[in-house]
Amino acid sequence: MKNAKEVLDVIRSEDVKFVDLRFMDFPGIAQHFTVPATEIDADTFSEGIGFDGSSIRGWQAINESDMLVKPVAETAFIDPFMQAKTLVMICNIADPLTGDDYTRDPRNIARKAENYLKSSGIGDTASIGPEAEFFIFDDIRYDQNPQSGYFYLDSVEGSWNTGRDEGPNLGYKPRAKEGYFPVPPSDSLQDIRSEMVLLMQDLGLEVEAHHHEVASGGQCEIDMRFSPLLSMADKMTKYKYVIKNVARRHGKTVTFMPKPVFMDNGSGMHTHLSIWKGDKNLFFGDGYAGLSETALHAIGGVLQHAPAVLAFTNPTTNSYKRLVPGYEAPVNLAYSRRNRSAAVRIPMYSNSEKSKRFEFRCPDPSSNPYLAFSALLMAAIDGIQNKIDPGEALDRNIYDLAPEEAAKVPTTPGSLKEALLALQGDHEFLLTGDVFTEDVIETWIEYKMEEEVQALDLRPHPYEFMLYYDI
């Protein structure tokens, strides 16, 4: 569906009963409310529908709560999970008094990032290709109160269940860190992933591959074909929606939490980036690993600003339990054509102009895709505009370097607090073109510090009892 008329025609021809209006809150959880299809007409797309924005995390104060959702026709799809026929549209958020786009609407920030790329004269399209990983569990329980706190998760695939009485236990459980690419029956989630992919394709998502991932306990990956930045962020909201609901339909549960399982691999979202002008890939050239000078400068910008960018691409306290050495984690702020411990990698199975790009390996799927992709692009643009030198490539195994050599390689922040402090001190590149605003940066830092960093710091951790109870 390309425009309002086509959406209205589908509502009539498909006998749609409800229209579900969706948007992304500040931290990155999809929100919605539903109206009868009879409430939607041509004016809805330009005038919007009012709602209370005061309860949306990181948004309006109670004394200025009224907001508008404006549906975007090209995002429309028929929901494959609802009993009553429901058409879904992703919306932009606007201020009802001024009519202006709301500056804290993540989708608005992504729109501005795309527009800034065009206005800069550098290029007109940022192609984004995320590789999101996730876990499919069979059970999850957690609680936190004044006198107790715990979590318990389980998976029929979990290596910890080889000795459990399952009446019968059929074995074939991937060992820890050995879940990459085994065929069924060890990969017990093939059919579920295939069902997810088929539904994604029905919704217009182009899927390139799906497979089991490294970790035991149900870690998986489904890769989408690259798309322009805003389109890909929209697709990521549909992607998560399909995955979570297909899993639930099978009595299972999905998490995009980066590090749910101790002592096994976490879930990343390696993100591929290239910038195009017309039909010319600006990252294709005859330099290192087939990159252009423009691409190398873009890498320089990403590496220079990476600690601040991670406040958006790795925005949870749990994110930094994944970003530790020893789990293929990209903790080294360097670039390489093959080294997977480097923050930026240039895939060498893609050497044509059409496919040349670099891969930023730090992000994880807990991020808000609109903000994460926008921050990454703005860092790359800053590198191009200021001709930032990325330095020498790191093609040696970082773990083979002498300690004095390894110490010279900068690393990612060790915590969300460190990333937020980096953002506080380095965000001018995000403000260019009014893509992010001071209000957005300040609100993000304040929200994350108060609601997540400090909230976690206040609570005793179960492992602390193992360490300290008998002191």
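Which helix holds glutamate 428? Glutamate 428 sits in helix H11, residues 428-431. Bear in mind that this is a predicted model.

Glutamate 428 is exposed, at a relative accessible area of 56%. It belongs to a negative surface patch together with Glu438, Glu442, Glu446, Glu450 and Glu451. Helix H12, residues 438-458, gives the largest share of that patch, five residues.

Now the salt bridges. The structure has 24 of them, and I will go through a few.

Glutamate 14 and lysine 85 pair through their side chains, at 3.2 Å from N to O. These two are 71 residues apart: glutamate 14 is in the loop between helix H1 and strand S1, and lysine 85 is in the loop between strands S5 and S6. Glutamate 14 is partly exposed at 38%, and lysine 85 is partly exposed at 34%.

Next, aspartate 138 bridges to lysine 252, with the closest N and O atoms 2.5 Å apart. This pair also links distant parts of the chain, 114 residues apart. Aspartate 138 lies in the loop between strands S7 and S8, and lysine 252 in the loop between helix H5 and strand S13. Aspartate 138 is partly exposed at 31%, while lysine 252 is buried at 19%, because buried means under 20%.

Then arginine 193 and aspartate 187, where the closest N and O atoms are 2.7 Å apart. Arginine 193 is buried, with a relative accessible area of 1%, and aspartate 187 is buried too, at 4%.

Last, helix H3. Its 15 residues, 106-120, reach 21 Å from first C-alpha to last, close to the expected 21 Å. Its buried residues include Pro106, Ile109, Tyr116 and Leu117. Just after H3, glycine 121 has a positive phi of about 85°.

Note on methods:
Residues numbered from 1 in each chain as written. Predicted model: local features only at pLDDT ≥ 70, side-chain atom pairs only at ≥ 80, totals over all residues. Heavy atoms only, no water. Patch = residues over 30% accessible without salt bridge, like charges linked within 9 Å, V, L, I, M, F, W, Y side chains within 5 Å. Areas by Shrake-Rupley, 256 points an atom, 1.4 Å probe, with all protein chains shown as cover. Salt bridge = Lys/Arg side-chain N within 4 Å of Asp/Glu carboxyl O. Lys, Arg positive; Asp, Glu negative; His and termini not counted. Charge placed at Lys NZ, Arg CZ, Asp CG, Glu CD. Helix = DSSP H or I, 4+ residues; strand = E, 2+ residues; numbered from the N terminus. Buried < 20%, exposed > 50% of the residue type's maximum accessible area, 1.4 Å probe, protein only. Expected span 1.5 Å × (residues − 1).
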